[in-house]
Amino acid sequence: MAHTMTKRESETALEATGAVVALDFGKAWDYAPAPESPDHVHIDPRYGLFIGGRWVTPRSGRFFQTINPSTEEVLSEVADANAQDVDDAVKAAREAYDTYWSRMRGADRAKYIFRIARAIQEKARELAIVESMDGGKPIKESRDIDLPLAAAHFFYHAGWADKLDYAFHGRRVRSLGVAGQIIPWNFPLLMAAWKIAPALACGNTVVLKPAETTPLTALLLAKIIEEAELPPGVVNIVTGGGETGAALASHPDVNKVAFTGSTSVGKRIQRAIAGTHKRLSLELGGKAANIVFADAPIDQAVDGIVNGIYFNQGHVCCAGSRLLVEESVHDTIVKKLRDRMATLRMGSPLDKNTDVGAINSKAQLARIQELVAAGEEEGCERYSAPCPLPSKGYWFPPTFFTGASMSSRIAREEIFGPVLTILTFRTPDEAVEKANNTSYGLSAGVWTDKGAKIFYMATKLKAGVIWGNTFNKFDPTSPFGGYKESGFGREGGRQGLAAYLEVE
Amino acid sequence: MVASHAVSTLEHRSDIGETDEVLESDDLAGPPPQEQPLFKAGAPRRGGVGSMYALFAPPAVDAVALEERAASLGKRSLKGETKLAGLRLAIAMMDLTTLEGKDTPGKVSQLCQKARTPLSNDPSVGPCAAICVYPNHVVTAKARLAGSTVKVASVATAFPSGQSPLDIKLADTRRAVDFGADEIDMVIDRGAMLVGDFSKVFDEIAATKEACGPAHLKVILETGELGSYDVIRKASELAIAAGADFIKTSTGKIQPAATPPVTLLMLEVIRDHYYASGRRIGMKPAGGVRTAKQALHYLVLVKETLGDAWLTPDLFRFGASALLNDVLMQLEKQRTGNYQAADDFSKD
Amino acid sequence: MEKKETSGRATRELERDDASESARGASAVDSTRAGDALRMKPYDSAKVDARVRVNKAYKMFVGGAFVRSESGRYFQVKGAPREADLGTEADADVDADPDTVNVPRGSRKDVRDAVLAAKTAWTGWAKRTAYNRGQILYRLAEVMESRRPELTKSLVRGGETLTAATSQVDASIDRVVFYAGFADKFFALLASSNPVAGPHFNFSVPEPMGTIGVIAPDRPALLGLVSTVLPVIAGGNTCVALAGERDPRTSVVWSECIATSDMPAGVVNILTGHAKELAIHFAKHREVAGMDAWMVDPDLRKAVESEGADSVKRVTTHVPMDADAWADERKAQGLGWIERFLETKTIWHPLGL
């Protein structure tokens with residue numbers, strides 16, 4: 001029995017009282033600006049490449065600018081590594097692997113990784129601020145999520161380094177060699193941690209390429225690695241764009257490629273390394289269903305919906321971008337969602353009260369705008385939160401569409417922005433069918449108070465991570481990764497180690 | 001049959017064993033037991049009020065997500081004017097409370113003075129919304145607050161346990177109102193709530209509301225005794241459906257008392273009720289709110305759950321005794337830029 | 001069906017792309033005949049009283065049914081020469097088979113049909129309890145045991161010595177038993193409860209991927225097929241396997257074991273044909289979640305890996321191992337073989353009142 005307010009009940013109640021029922025989230029007690037001060041932060045005007053334990057000028061001789069997407073101000077210049085630079089980095093990593101890292105006791109590898117974890121905690125504030133400046137994400141997210149999790153990933157994996165023999169029930173393991181790692185711009189430092197920490201723990205050396213639009217925190221991490229006195233060449237950071245990434249993935253002396261990013265690029269990499277015996281792990285796109293049943297904890301589900309799609313401006317591969325709501329509570333959910341969205345604060349990523357920051361880049365903004373326009377053209381009804389958009393920088397307000405169908409582009413394509421597509425279902429099996437009706441399979445959410453239903457749904461949903469009555473939760477002990485075209489291999493947990501080991 | 005049960009209009013017999021017992025008793029000669037539905041809370045009793053949940057099966061509450069949301073709202077950064085305005089608002093929303101066995105007219109009088117002018121050197125601060133006392137001190141308080149806007153709230157209904165017969169509770173209420181109380185803070189029968197005798201809880205609230213006459217009714221759920229958020233949600237809805245003007249977390253005698261997640265949950269019930277009926281119910285966290293920082297956290301909960309309309313003493317109160325001085329200290333700190341010393345503020 | 005213009009002229013090719021062509025080409029011409037007297041192929045008249053044997057039509061196994069290729073194509077497989085080292089009993093059995101048999105040459109559309117059958121069967125197969133799957137696999141071992149002579153005979157006809165054939169059949173049956181007993185155990189070895197830093201219960205469980213394509217090694221014909229198919233289905237996947245080309249008949253005999261066991265239709269589908277032609281169609285089929293391909297040709301392995309990328313397929317390719325390695329329990333069976341085609345699903349749930 002549906003127990004939440006239906007539209008008709010609501011209207012009847014209104015007629016009875018004659019009251020105007022609308023919550024007003026105005027300026028009765030508005031929050032003053034609360035900017036996190038960047039005074040303490042030092043960003044160099046120009047960064048070279050971190051290869052073989054040294055900061056070097058790129059052989060390419062080229063640098064590119066990295067900007068603050070909330071202001072379009074230039075933050076720094078970073079090196080644009082070419083194939084020769086990548087080759088240098090791989091050679092350094094190979095040398096480090098062969099001569100010391102692969103031969104070092106696990107317990108000693110562990111201590112280096114613990115050092116990195118500690119240094120990240122010590123420099124957390126600085127790193128969080130730079131993350132928000134370079135990527136546009138709200139400081140409260142970089143401060144409370146990205147940074148603690150990045151440190152936790154190093155801390156967790158450090159402890160594995162001398163326990164790998166226990167990890168696979170006595171099956172013998174050995175490291176792979178040089179890992180080439182390519183990471184995205186949505187969680188720049190955290191993704192570097194997800195990649196570097198397990199690779200080092202398992203005895204591999206690393207060449208990491210951060211995303212073109214967000215290289216700064218990876219470069220600050222390189223400084224931490226330098227200060228932690230890791231042997232030279234164990235971790236090498238090469239900045240650049242798609243060509244740099246391609247050079248790294250296709251380098252013949254790379255034993256392992258790990259990529260997080262779009263499905264289309266992931267497919268290109270998989271194709272490129274065919275026939276090379278390189279190990280590959282891919283963490284790609286998603287179009288996750290967030291399923292809300294009528295018997296859900298409704299108010300918490302609404303919070304979960306907001307967290308699912310507006311967290312990090314929706315730049316999240318596992319974002320709950322398709323809301324599947326049981327038809328009987330559709331109107332209630334939409335009403336509550338609108339009121340909840342009215343309290344979302346969009347603005348300077350460095351303001352501690354900002355909930356929604358800037359879109360990461362001009363190109364991503366254009367992509368979001370294109371798909372939103374497609375949604376409108378397909379006749380879906382759009383609602384955007386009434387946030388004023390700053391005049392400079394790249395911004396898109398939290399938005400949802402109702403009246404969409406499974407065939408709508410906005411229900412099928414990954415938007416990677418703060419745009420939610422709302423669909424309805426009538427029975428649990430219909431929800432399962434719609435949730436699985438995608439070529440992706442990274443994550444899914446289920447909201448219901450009925451335990452048996454959670455497990456039924458969790459079993460039926462074809463996705464690597466199922467959040468029951470929660471969403472967008474991450475932990476280094478918890479394996480993360482997709483089914484189908486969302487990629488293969490896991491990151492985190494015991495299972496994640498397999499991506500960096502040869503297991504007999 | 002026990003006397004207190006006989007008072008309830010909603011007593012029902014649900015199993016054979018009890019019926020057998022009745023057949024053997026003197027009740028055999030009396031009127032046949034009335035057909036009673038299992039649940040009687042909700043719309044039918046009050047014409048549309050509480051009509052969201054026709055079968056009284058309110059939505060479930062997820063504890064972890066609720067607590068996360070409440071905690072996340074505690075991270076709002078309140079600076080400068082925002083902080084000052086929030087502190088002033090908190091003072092204006094305060095029900096300055098003394099509920100002790102050792103309460104005397106002298107103590108109550110001093111508290112009334114504090115409520116009227118919290119800062120002796122700055123009449124622009126305050127007054128508080130109300131003082132909250134036992135019925136025996138209502139007359140004193142009323143006299144001491146004459147000519148001010150400060151209301152007198154009295155606890156009643158066998159506070160704090162509520163474990164007395166309904167007629168006693170109603171008499172308690174009527175006497176407090178007769179003494180001049182503007183507001184009645186009643187307690188629900190938590191035992192009845194926990195055994196699922198929702199009818200008894202509902203009827204006692206409804207009867208107390210009637211006994212209040214013109215006085216406003218705040219219904220204390222004593223959330224610290226209810227065991228889970230689901231029961232708190234249920235009790236909140238029962239109280240609102242039965243006629244509460246305010247719902248209030250705690251007596252202050254039980255730990256935990258008010259917490260941000262409990263308060264957020266009750267605000268959400270108030271929101272659902274508002275969506276369904278257009279009627280605005282007030283909220284009062286009580287007990288455990290001791291610092292200005294906590295008070296501001298609660299104001300953020302209100303602002304982002306119910307919006308501007310509830311940011312008024314008419315719809316939000318703090319039940320507290322120790323809170324006021326910390327708020328005053330922070331207010332002075334904010335105004336002067338210097339950290340304050342505790343003894344700079346009167347302790348009444 | 002792909003039609004092809006034919007000249008009507010006979011060929012000696014063992015392989016024909018079109019059944020109708022082969023029908024028309026039935027009257028082969030002996031070029032040495034001109035000018036000579038009639039010469040008939042010798043025939044032992046004493047055989048006139050002997051029972052005429054019933055030849056077996058070898059078919060592919062798709063959706064629980066034995067089918068020819070939808071293309072109508074076939075290829076011919078010759079029996080091994082009857083070597084002196086064959087035992088008399090086996091020799092007599094071997095005699096019962098014609099020198100040359102026609103084996104269906106599976107096509108792209110046969111791959112499609114088999115994948116559909118496997119996909120359809122998957123829902124039911126994955127839904128069965130692990131205990132039940134284990135029992136069904138054990139039943140297969142029982143049926144294979146009772147058909148040991150037939151499997152052995154087929155391997156001998158495929159060119160194995162009797163000793164090698166016998167030990168291969170034994171190893172194959174034991175391998176099925178190994179996986180039958182693993183069906184309800186790998187789960188506990190791969191699953192985990194993860195101590196996340198928060199009020200959540202978090203656990204990871206292995207789950208089958210769906211339909212897996214297997215390109216079985218040419219040799220050993222039975223053990224190679226059994227060793228690659230069994231871990232796939234023990235994990236809860238369904239399977240489309242392309243049997244090795246050198247002795248596809250044994251794969252058909254094994255299909256008959258499967259058909260007479262309790263295996264639900266479509267869980268195992270076995271095609272015969274050429275890896276060089278078909279492997280790529282496995283790789284391109286988007287419903288195939290993963291592939292285990294044992295192929296000598298490096299270009300073919302590369303092509304399969306490359307084409308699989310279009311659906312982010314879990315492709316593993318291997319250079320085929322030698323026969324000894326396939327017989328080695330440490331090298332050719334184990335948890336890793338099952339794990340290869342399992343996903344990890346991680347489930348979070350709050351702990352709260």
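Between chain A and chain B, 20 residue pairs are in polar contact, both at pLDDT 80 or more. Helices H1, H5, H11 and H12 of chain A each give two or more residues to the side that touches chain B (helices are DSSP runs of H or I, at least four residues; strands are runs of E, at least two). H1(A) gives the largest share, five residues.

Seven salt bridges cross this interface (a side-chain nitrogen of Lys or Arg within 4 Å of a carboxyl oxygen of Asp or Glu). One of them joins B:Arg271 and A:Asp299 at 3.1 Å, N to O.

## Basis of the model

This is a predicted model: local features need pLDDT of at least 70, side-chain atom pairs count only at pLDDT 80 or more, and totals for chains, interfaces and linings use all residues. Residues are numbered from 1 along each chain as its sequence is written, chains are lettered from A and ligands numbered from 1 in the order written, and side-chain values use heavy atoms, without hydrogens and water.

## A sheet with strands from chains A and C

An open, mixed sheet of 10 strands runs from S14(A) to S5(C) (strands pair if DSSP finds at least two bridges between them). S14(A) and S5(C) stand at the edges with a single partner strand each, so one side of each lacks a neighbour in the sheet. S18(A) and S12(C) pair in the parallel sense over three bridges. There, A:Val465 has C:Thr346 as its bridge partner.

Technical notes: A polar contact is a pair of N or O atoms within 3.5 Å; within protein, one must be able to donate a hydrogen and the other to accept it, and residues adjacent in sequence count only if both atoms are side-chain atoms.
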